[in-house]
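Hi,

Here is the structure I said I'd pass on.

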Amino acid sequence: MATVASLYRRVLPSPPAVDFTSPEGKRLFSEALEGGTMEGFFSLASCFQTQSEPAFCGLASLAVVLNALAIDPGRRWKGPWRWFDESMLDCCEPLDKIKAHGITFGKVACLAHCSGTDVRPFRANQVTVDDLRRHLIRSTSSKDCHLIASYHRRHLKQTGTGHFSPIGGYHAEQDMVLILDVACFKYPPHWVPLALLWEAMNTIDESTGLLRGFMLISRHNGAPSALYTMGCRDESWISMARYCVEDLPDLLKAESLDNVPTLLSRVIDSLPANAGSLIKWVVEVRRKDEDGPCLSKEEKERLFVKENVLQQVRDTKLFMIVHDLQCARIQCCNRSSSSEDSITRIAASVYCQGAAMLSGNLASRKTYFQGVQANDDGATTVNSGSVVSEGNEQGVDMLLPMFPCSMNSCNSNLDNEIIKYPSSTDVLTVLLLALHPSTWLGIINERLKAEFQTLVSTDNLPDVLKLEILHLRRQLCYLKACEDKEYEDLECHHALNSGVINPLT
């Protein structure tokens, strides 16, 4: 087998580019700094990183921007540190798939959204070069908003095809843009004419058939998810979105629906088989040898918030009704064993994901685990396990929300049950609450409609749970837009980010 020759960088084609470190590049920087359009550069430069894989340009660009915006990922990177890294940006697409095929414009925007930002994507057919210039001036004059460009290298006379990189500055007089190329191993940061970058954006990504473009990313003012988030790595959310748009409205028109239990039973019976995988629960994974079973004050506080959200879900009247229906369906005597099977699968899945995050290794792995005492108070808030990957074993801990069950179980033997994780009943309750209120307008029986709308209303929910539900509703709306138009509709985007659009229309 022939050995591929190694390369140390490429020669930057100049013109059209101007090397950032050249005398001309320094002059452009100094003048742009004086003109006030280099404000975003310093926060980007302070946490800049090169992409760790040839196809990770989108992930690296986003990680740089997320860290520049000082967004807390809410989970550990390495050691005690919480910091965005490419290996953590896997909620919208598996990392091994991105490593092999790269990532699309829409998926980068989805990742930005899921990571706690307000993102406004613009494809080249939606805006003009003047719009790009206006947004560039806005983002480079601010520390709170950054622009990521998606472009084809060929138009800049560079080797390669589609690429992502953050924009570090703008020189107004010469109409030039500073590209902070995340492929530092290939090309250094460089200035290019804005008109040329626009041409490079106005190209078709063959993997989607859609034009490239740019996205503006800023901090989202709302609180991030505490316990629940939308899972969009697989295709389950697509079937669920279609169910909510196409199947559920027809189901609600049935004249035989005359009470809440009947309606909920019909909804549960008609759910797609993988409906439960749409809503994921957020856990924290850490190396087992970092702090031992004892929890830090910060970890305890985060677990308390998760437990609080879970308790508030279970305090809703909707949960009680769903719980009773579920108990009747699964014959409570089998509930305990099925729960253990579920937590085993969940733990294995989370450990694998956590191991990938901690080690950066994407190879196949297997896990085993056992519960341990986390603190002197006797509460088991850590599941301890091991991940075996390519012959190397790594211990990991998974921090779980848990509390004594405060409701009467359908099995008297479970009255003192310790709830270690959100159950299928929790997830179903949260899903019903997260659907937009207009989903239920098709109910024919007016009395039933009013009663059910009261059940799923967020008006009287505790503030913490209400924020969680609205966050999920916003995510569901975003995912639906992703399926329908790959972020083509600007008006839809503005409504998505303001939370005023029906996610299911």
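The largest nonpolar core has 45 residues, and Y228, L264, W440 and F452 touch the most other members. By nonpolar core I mean buried Ala, Val, Leu, Ile, Met, Phe, Trp, Tyr and Cys residues joined through side-chain atoms within 4.5 Å, with buried being under 20% relative accessible area (1.4 Å probe, protein chains only). Helix 14 gives the most to this core, seven residues; helices are DSSP runs of H or I, at least four residues, numbered from the N terminus.

This is a predicted model, so local features need pLDDT of at least 70 and side-chain atom pairs 80 or more, while totals for chains, interfaces and linings use all residues. Residues are numbered from 1 along each chain as its sequence is written, and side-chain values use heavy atoms, without hydrogens or water.

Skipping neighbours within four places in sequence, F452 is in contact (heavy atoms within 4.5 Å) with V260, L263, L264, W440 and I443. A separate core of 43 residues includes L59, L69, C92 and V119.

Now the helix pairs. Helix 11 (residues 297–314) packs on helix 14 (residues 424–434) at about 80 degrees, axes 10 Å apart. Axes are lines fitted to C-alpha atoms over the stretch in contact, and angles run from 0 to 180 degrees between N-to-C directions. That makes helix 11 roughly perpendicular (65 to 115 degrees) to helix 14. L310, V313 and R314 of helix 11 meet D426, T429 and V430 of helix 14 in this contact.

Cheers

Conventions:
Helices (H or I, at least four residues) and strands (E, at least two) are DSSP runs, numbered from the N terminus. Angles under 35 degrees count as roughly parallel, over 145 as roughly antiparallel, 65 to 115 as roughly perpendicular and the rest as oblique. Buried means under 20% relative accessible area, exposed over 50%, partly exposed in between (1.4 Å probe, protein chains only).
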